[in-house]
Amino acid sequence: MTTANQAYRQAANSPAGRQAADAAKSAVDTAKSIGDDVSEFAGDVSRRAGKQFSRAQDMAVDAMEDAGAAMRRYPLSTLAIVAGVGFLFGMFSSGRR
């Protein structure tokens, strides 16, 4: 009568057992490769997103500077625009019934 250990060793050393071990090793290698690829992709996406965020931030700062310069250059027009926007905001938020 064979013990459980002996049966396991016989199964592991059989051709089917060796094929199963090779398939498991191949699956582990494939999973590691996929993990590395995903990690590299995530790093690339992170770097690109950082660059785009920096560009958007720079553009927002430039727009604020341009708006400030325009307000200093044309103060009366600025006041007229602000008054008009305030009037429209008041009209829409008053809730006429």
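The following questions and answers go through a predicted model of one protein chain.

Biologist: What do the numbering and the confidence limits rest on?
Modeller: Residues are numbered from 1 along each chain as its sequence is written, and side-chain values use heavy atoms, with hydrogens and water left out. As this is a predicted model, local features need pLDDT of at least 70, totals for chains, interfaces and linings use all residues, and side-chain atom pairs count only at pLDDT 80 or more.

Biologist: How many helices and strands does the protein chain have, and in what order do the elements run?
Modeller: Helices (H or I, at least four residues) and strands (E, at least two) are DSSP runs, numbered from the N terminus. The protein chain has 3 helices and 0 strands. From the N terminus on, the order is α-α-α.

Biologist: Why is the protein chain described as more spread out than a compact globule?
Modeller: The globule rule is 2.2 Å times the number of residues to the power 0.38, and the radius of gyration is taken over C-alpha atoms. For 97 residues the rule gives 13 Å, so the chain is more spread out than a compact globule, its radius of gyration being 35 Å.

Biologist: What share of the 97 residues counts as buried?
Modeller: Buried means under 20% relative accessible area, exposed over 50%, and partly exposed in between (1.4 Å probe, protein chains only). Of the 97 residues, the buried share is 3%.

Biologist: How many salt bridges does the structure hold?
Modeller: A salt bridge is a side-chain nitrogen of Lys or Arg within 4 Å of a carboxyl oxygen of Asp or Glu. One of them joins Lys-25 and Asp-29 (3.3 Å, N to O). The number of salt bridges in the structure is 2.

Biologist: What is the N to O distance in the salt bridge of Arg-47 and Asp-44?
Modeller: These residues, Arg-47 and Asp-44, are 3 residues apart in helix H2, about one helical turn. Arg-47 is exposed, at 51% relative accessible area, while Asp-44 is partly exposed at 31%. Their side chains meet at an N to O distance of 2.3 Å.

Biologist: How many Å apart in space are Ala-67 and Thr-78, C-alpha to C-alpha?
Modeller: Ala-67 lies in helix H2, residues 15-73, and is partly exposed with a relative accessible area of 35%. Ala-67 and Thr-78 are 11 residues apart in sequence, and their C-alpha to C-alpha distance is 9.9 Å.
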